[in-house]
Amino acid sequence: PTELSKIIIILFFAKFFMDHEEDLNTLKVLAEAAVLLAIPLVLIYAQPDMKNTIMVTLVFCILLYMAGLRYRIIGGAILIAIPLIIILLSIVVQPDQKLIQDYQRKRIMSFLYPENEEYSENIEQQNNSKTAIASGELVGKKLTGDDSTSSVNESNFVAENQTDFIFAVAGEEYGFIGCTTIILLLLAIALECIRMGLRAKDLSGKIICCGMGSIVAFQSFLNICVAT
């Protein structure tokens, strides 16, 4: 449902921002947009799916920017957001916090303190993924015919490798060259979406194209970062 909601949110706000093109930078319109975004965000977070909650928020920020949000408002929002994020992080690292689920806190702690044995089980998947990617070396096992340790695709060395860790399969089978090619292709798709958006005849077309490009860029970047 989250994947469908990303598309619907882009289409919805493309129409909403086009209808409010003249008064976008007013408090009333920005408050309406925030409330309309909050409804799907709460439902996504309740799945629970914190990663895509953050993803949809980032995409919404791109849509707002493309719609013509003033730089003065953007600067003010950044000045407010940075201390809020710092305060939030300082709260969620506490063992008895109630803001996020315990497994979500452990993922954050394993990222901040990877050397701590208490959180080592949370980075086992990432370590196995990095090992698999490294084993592909320059051109990968698929092209060299090396099937002696096809650990990712044929066994469960990296669990659920068909989802967020699909990049580990690419790294093992097609090596550095294959991984680089995938990243360049994803970048080309995102840039082409932006190019199409700049050529769109109206604001809604611009927002739809740039919104889709941002999904491809953000999601690819996040998943590849997790896998590596």
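Let's start at His20, which touches Val29 and Glu32, leaving aside residues up to four places away in sequence. Contact here means heavy atoms within 4.5 Å. A word on the source: this is a predicted model, where local features need pLDDT of at least 70, side-chain atom pairs count only at pLDDT 80 or more, and totals for chains, interfaces and linings use all residues. Residues are numbered from 1 along each chain as its sequence is written, and side-chain values use heavy atoms, with hydrogens and water left out.

Where is His20 found? In the loop between α1 (2–19) and α2. Helices are DSSP runs (H or I, at least four residues), numbered from the N terminus. His20 counts as buried because its relative accessibility is 19%. Buried means under 20% relative accessible area, with a 1.4 Å probe and protein chains only.

Next, helix α5, residues 102–112. Its buried residues are Gln104, Arg105, Met109 and Ser110. Their cover includes α2 (27–45), α3 (50–67) and α4 (71–92).

Now the second largest pocket. A pocket is an open set of points on a 1 Å grid over the protein atoms alone, where a 1.4 Å probe fits, with protein on both sides within 12 Å along at least five of seven lines; lining residues have an atom within 4 Å of a point. This one holds about 210 Å³ of space. Volume is the space filled by probe spheres set on the points, which are joined across faces, edges and corners.

Two or more lining residues come from each of α8 (166–198) and α9 (203–227). The largest share, six residues, is from α9. Among the lining residues are Phe167, Leu186 and Asn223.

Key
Buried means under 20% relative accessible area, exposed over 50%, partly exposed in between (1.4 Å probe, protein chains only).
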